[in-house]
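Today I opened my notebook to look at strands and how they pair. Come along and keep the picture in view.

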Amino acid sequence: MSDKVALSNDRALSEAALHESEERFRVLFEQCPDAVLLLEAEPPWRIVDCNPAACEMNGYSREELIGMPIAQVDPTAGNPQVSREKVEVLRRGGNLKDDGFHRRKNGTLFPIEYTTSLVNLGGRELILGIDRDVTERQRAYEHLAESERRFATLLSNTPALVYRCSNEPDWPMEFLSDYAEELTGYPVQDLVTGGISFADLILEEERERVWNAVQAAVARRETFRLEYPIRRKDGAVRHVEEHGQAVYDEDGRVLALEGLISDVTERKRAEERTTAFSILGKRLSAAATAAAAARIIATVADDLLGWDAFALLLYSAEDDLLYPTLDFDLVDGQRTESPPGGPAVPPGPVSRRAIAEGPQLLLPERPSAVLEGLQPFGDTSRPSASLMFVPVRGTGSVIGVLSIQSYTARAYNEVDLGTLQALADHCGGALERIRAEEALRTSEERFRLLFEHSPDGVLLIDPHDPEVPWRIIDCNEAACRMNGYSREELRGQPLNVLHPEAIDSQGFAEQIERLRIGSDKYDLEHRRKDGSVFPIESLSTLITVAGREMVLGIDRDITERKLLEEQLRHQAFHDVLTGLPNRALFLDRLEHALARAGRRHESVAVLYLDLDRFKLVNDSLGHDAGDEVFRQVAGRLRECVRPEDTAARLGGDEFAVLLEDIEGQSDAESLAGRILERLRPACEVGGREVAITTSIGIAIGGAGQEGPEDLLRSADAAMYRAKRTGKARYEVYDPAMGSQATERVQLEVDLRRALDRDEFQLYYQPVVELHSGKIVGAEALLRWEHPQRGLIPATEFVPIAEETGLILPIGRWILRQACEQSKEWQGQGGDGNSFVVSINLSARHFQHPELVQEVSRALAETDLHGRGLMIEITESAVMEDAEANAATLRELKELGVRLAIDDFGTGYSSLAYLHRFPVDVLKIDRSFVSGVGRASEETAIVRAVVGLTHSLQLQVVAEGVETDEQVRRLLALGCRLGQGYYYSRPVSKEEMGSLLAEGGRLTGRARV
């Protein structure tokens, strides 16, 4: 029993010892500084395990190495036969130690020294390999193998200072490589024997730290590695890294210090850049303005690059200008910030290249050579060592230019340029953010201002509140005033509180779907707090606020608009001046009346009224008086008709009456008689009596007959017959009138096209000296050569032209043609330029405001002197507004134009006005000339007119001279000029030209 217990104890002890041994092996395995690999003992000799040093040395992770054939990292293990021979050696109890190469994961080869042995772990035969990277040792061997010349060349070209010095406080130098001069700026000789200590180059505040670190490493007989700043001969500070160790004698005394000193300034700057950029984003994210962002960039640029002058200018591509945002410069050794908001300047040549091409690095002798267009920027009185311009980019475009310059010996390089561009890129992102935030703030402020100050009511509504349907979240003051609630009363209420009729949930859901498609605009009614209802126009839009769907409702009180619409509807169907139904309403009622008459087999009558000579009222008394006459006529019409009848104003001086339920034509004629009688008394307007009569046309309609427009047109035709047969009477329509009216309408249509188709002609009737027959002028008379009807006299179409306004363009055409002919005939048929062509101006053309300009333009364009043109105006037309017409006559007279009053004696001119008109000629109407010698009254009138012209020093022309007797009598009365068929009918311009070419004299015989 005791033996069993002892055996059990021995086994336990053995297992514990084994476990302890394995644990110790694992610790050594993991912490060994050399690479340790456990391999299978058979091809392909896969790696079973490896320690961290193996992973680091070969560039693989442990997971990647385990299971990998050793040949993948050891190219020399690729021969299976050689590998088997080595394993047999190991099995015989030997170890293998040799040199070789490994291939890292990135493909690079490096030398190793390895030792292999065979081990048994857990009954499994494995190969234990310990590898050491001997790259440094290999390099050392290679260096030792080099010749002295090769070594010296290597020292002179290496970018590090190789030294040997005494371990004393000033570290006297025994040896320095040539790189020392490049690093420190001092010649090597000055540093070795020239009295300049290397310790003096270390910045004073760092010297003690460096000395203590070196002495501590020497005391521990360790190599030392440290970084510190030195100051070059030119004052520039550089950062160096020193790797060194002490050299000892046999007794352990320090003989010297040896090592390498490398310039790591750029690396330090890169580290500083990395640190600076890591916190730059956070600092820029807090900047609220462009100037604040620029100051942060300026600070970081100073830390990383150093500058004496800094500028950030924002660029506007739209106006091609740079706007100063931040500008620093040295003034008496102090950096001074220029006041913001300086004047905008166009880009200079360098900044323009930066905008178009990218970063620019310059080393000018003086900055003024490149800073054109960027003043004030930098001190142009001092040379600049270097300067850089980089673009500040936004999304898709350049939004500014960033520039720094140095007045010291520091010269920026391409790395610095990249650093500054990186800063500019950060700045661009910040500026874009600031702009977006400013735009958002502006938008929010604008929305809030619009919300609060909108004259319309604005409601913000939550349509998805599960407890309060369409809950009002907010509203503006206008909504409160409109609905009679305070803001506190409306907030939280359902929208239905404002609606007279509640909308159910389905209605709200349907509206939401409509709003998701687009805005919804509609009219509805709101209920005020006091219960009153008023109409609104509501525009609803679906918006998103903080991720939630909201409805923005804009309500406008349209009470006034509704009232206005009612008024407009009334005005649309009623005459504003008289209050009578207008043409549209009259036709609508006529259409319904005809429909009823058709069903009942009854008749209706239409009376069409046109006031006689109403134009004289407007022209003589003014439009206000005319409007008053219309109102009085409308009132009298209402008195004449029954309540069921319709009296309407169709437009201008035209009225109409609709009679329903009549027994026949006699009812209509009876009403027409009453209207004529009721309008007979004069209207009193402004203290004056105005006599008004009307012409009436009657048309009867009924079942199965013409439509409303046709019936009205028939009444119109009858009215025109009444006017032509004496006015102040009525006529009943018969079909013959329809054809006449149709002919007149067609004539009006053709007349509108006649001018464009060149269908008008001017005929000329000579004006002659009665005693000699010499032609001294001609009167231009208008004719219309109609393509179907032939030559139409003016008496047929001129009245239509007057009514339609076509007389104005026709008159301008006559004026131009007459001027051209007068210019052509100057000097023919008379003395010098005394030949005159006269034209007749209608009253409407004479009163046109641009008449004088038209005459002046025609004279100028035809190069005709004003005395070659005579303008004739009838006596009645010139007297309609004597004062205004006198002014127009004076303006025409200033152009040199001759003026004549036509048909003198037939109107109602006042002799008191006549002497005030600057006229040259009075033309005696043919009605007086025809009675000369036969009737004493006409002879007396002619004698009086001739005497009047002599006293006023005017010329007189007798019209309608047709007999030899008339010529003798006119000469005896003192009349010297005349025109008429006795001498010549109106002739074409060609015939007139022939008369002048034949001598310009006419004998006393008519020319047909």
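First, my terms: two strands pair if DSSP finds at least two bridges between them. Helices (H or I, at least four residues) and strands (E, at least two) are DSSP runs, numbered from the N terminus. I noted that this is a predicted model, where local features need pLDDT of at least 70, side-chain atom pairs count only at pLDDT 80 or more, and totals for chains, interfaces and linings use all residues. Residues are numbered from 1 along each chain as its sequence is written, and side-chain values use heavy atoms, with hydrogens and water left out.

**Entry 1: an open sheet.** I looked up the order of five strands and found β7-β6-β10-β9-β8, with antiparallel pairing. At the edges I found β7 (173-176) and β8 (224-231), each pairing on one side only. I then checked β9 (residues 237-248) and β10 (residues 254-263), and nine bridges join them. Y248 stands opposite V254 in β10.

**Entry 2: strand β30.** How much of β30 (residues 775-786) is buried? I found nine of its twelve residues buried (under 20% relative accessible area, with exposed over 50% and partly exposed in between; 1.4 Å probe, protein chains only).

**Entry 3: partners of β30.** Five residues separate β29 and β30 in their hairpin, and G773 in the turn has a positive phi of about 80 degrees. With β32 (residues 836-840), β30 pairs in the parallel sense over three bridges, and E779 stands opposite S838. β31 (residues 790-792) runs antiparallel to β30, joined by three bridges.
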